[in-house]
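Welcome, and thank you for taking a look at this structure. Please keep the sequence and the 3D view open as you read, and let us walk through them together.

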2 protein chains.
Amino acid sequence: MEEKQEYFTFTKSFILDSEKRFRTKLINSLAGIRQVALVGTKSSAGVENLAIFNSVIHLGAHPPLLGLLSRPDTVSRDTLENMIENGKYTLNFIDRKWVKDAHQTSARYAKEVSEFSATDFSSEYIGDCSAPFVKEAEIKIEMKLQQILDIEINNTKLMIGSVEWIQVLAERFTEDGLIKHHDLLLSGGLDAYYSAEMITQLEYAKP
Amino acid sequence: MEEKQEYFTFTKSFILDSEKRFRTKLINSLAGIRQVALVGTKSSAGVENLAIFNSVIHLGAHPPLLGLLSRPDTVSRDTLENMIENGKYTLNFIDRKWVKDAHQTSARYAKEVSEFSATDFSSEYIGDCSAPFVKEAEIKIEMKLQQILDIEINNTKLMIGSVEWIQVLAERFTEDGLIKHHDLLLSGGLDAYYSAEMITQLEYAKP
């Protein structure tokens with residue numbers, strides 16, 4: 001006997017007619033779970049900024065490129081301006097225990113306030129990278145801005161950067177090149193946070 | 001007493017000089033954990049296709065838009081052609097127990113072979129959507145192709161589509177609009193798979 005399962009369905013007209021906050025949460029969470037990255041930047045006036053993003057995009061390994069999505073109506077505007085002014089920025093992946101501090105960086109602080117002061121994260125400078133890392137992060141990536149792509153259909157921007165330097169907690173790295181992200185903070189949209197465990201690694205699939 | 005932690009670091013020249021397979025795995029896994037989507041399409045000749053993607057991008061809720069990244073050197077080429085021919089495609093999120101079948105759709109089958117035949121997934125047609133859904137999926141999304149954006153820096157394409165219809169297992173939906181993705185299959189790059197549990201939901205952050 002098959003268990004009968006219940007589903008909800010949402011039509012396009014229902015979605016378009018729904019209240020704005022409901023729709024934002026629905027579509028933002030619909031897209032699924034993604035990595036939380038704290039993006040560290042520094043303005044030309046020397047003010048540090050730290051902002052939570054859940055839109056890290058793997059663009060390719062040859063050359064090593066990662067994307068970040070910036071929406072005009074979000075707090076990512078300071079980050080965007082700093083990235084353009086400075087050229088360098090950092091991506092920092094953190095343990096799940098940092099969920100409250102990470103979420104706090106999404107508050108709309110004035111541009112002259114550093115989120116490093118408003119949270120328990122510490123800024124750290126490594127090598128010649130002019131943007132701050134998060135000292136507590138288990139995976140740290142130095143990025144260099146390469147291109148900004150306009151996505152005109154909804155006025156967002158894809159910030160494309162090259163991977164310049166990586167630091168990974170030793171136990172997260174395996175010799176074949178895999179970096180493991182178990183127990184790190186993940187996002188499920190605007191306000192829901194997750195963390196993951198590894199299920200398996202599989203061989204290259206053949207027909 | 002603070003515990004001393006060990007880190008590995010990778011410089012840009014080390015990354016660029018590393019062997020291709022190592023570098024692909026390193027950068028692909030570096031980007032972090034993301035949702036696994038099975039993308040269902042159908043060619044104009046009527047052949048169904050099912051392909052695993054880990055590049056679902058939330059582009060915005062007003063209008064509801066999701067992106068998918070397509071790289072020229074991957075099996076996503078069939079998917080891309082079908083999306084253009086048909087206009088419609090589906091995104092299907094599945095339980096972690098489907099990891100082997102999901103990974104198997106990444107094999108390079110000939111264009112006339114349906115991955116639905118090669119795996120235990122069943123195709124399902126709902127309403128007037130001309131692309132197949134995965135019957136076993138707990139979250140199903142009907143998409144309509146709106147725009148293809150060329151990312152020339154590394155010859156990839158961002159396929160932008162509008163959300164046309166959603167079906168969600170009832171227990172995954174909460175009244176405020178949140179869709180929950182716990183225990184679904186997640187990707188950590190080329191060959192590593194994860195699943196997640198929810199940690200918390202937090203209030204809108206204020207300074």
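Asn54(B) is buried, with a relative accessible area of 18%; buried means under 20% relative accessible area, exposed over 50% and partly exposed in between, using a 1.4 Å probe and protein chains only. To find your way, note that this is a predicted model, where local features need pLDDT of at least 70, side-chain atom pairs count only at pLDDT 80 or more, and totals for chains, interfaces and linings use all residues. Residues are numbered from 1 along each chain as its sequence is written, chains are lettered from A and ligands numbered from 1 in the order in which they are written, and side-chain values use heavy atoms, leaving out hydrogens and water.

Asn54(B) sits in the loop between β4 (48–53) and β5 (56–61) of chain B. Strands (E, at least two residues) and helices (H or I, at least four) are DSSP runs, numbered from the N terminus. Leaving aside neighbours within four places in sequence, Asn54(B) is in contact with Arg34(B), Gln35(B), Ser187(B) and Gly189(B), where contact means heavy atoms within 4.5 Å. With Ser187(B), the side chain of Asn54(B) makes a polar contact of 2.9 Å. That term covers a pair of N or O atoms within 3.5 Å; within protein, one must be able to donate a hydrogen and the other to accept it, and residues adjacent in sequence count only if both atoms are side-chain atoms. A polar atom of the Asn54(B) side chain also lies 3.3 Å from the backbone oxygen of Gly189(B).

Now step back to see both chains.

How much area do chain B and chain A bury between them? The figure is about 9,100 Å², with 65% of it on carbon and sulfur atoms. Buried area is the accessible area (1.4 Å probe) that two parts lose on being put together, summed over both. Leu30(B), His58(B) and Leu202(B) supply 8% of the area that chain B buries against chain A, more than any other three residues. The contact takes 100 residues from each of chain B and chain A.

Six salt bridges run between chain B and chain A, each being a side-chain nitrogen of Lys or Arg within 4 Å of a carboxyl oxygen of Asp or Glu. In one salt bridge, Lys12(A) pairs with Glu164(B), with the closest N and O atoms 2.9 Å apart. Arg96(B) and Glu197(A) also meet in a salt bridge, at 2.9 Å from N to O. Arg96(B) counts as partly exposed at 27% relative accessibility, and so does Glu197(A) at 42%.

Within chain B, the side chains of Glu142(B) and Lys88(B) form a salt bridge of 2.7 Å, N to O. Glu142(B) lies in strand β10 (residues 139–151) and Lys88(B) in strand β7 of chain B, so the pair ties together parts that are 54 residues apart in sequence. Both Glu142(B) and Lys88(B) are buried.

Finally, turn to helix α2 (residues 20–30) of chain A: nine of its 11 residues are buried, so the helix is largely enclosed by the rest of the structure. After α2(A) comes Gly32(A), whose phi is positive, near 100°.
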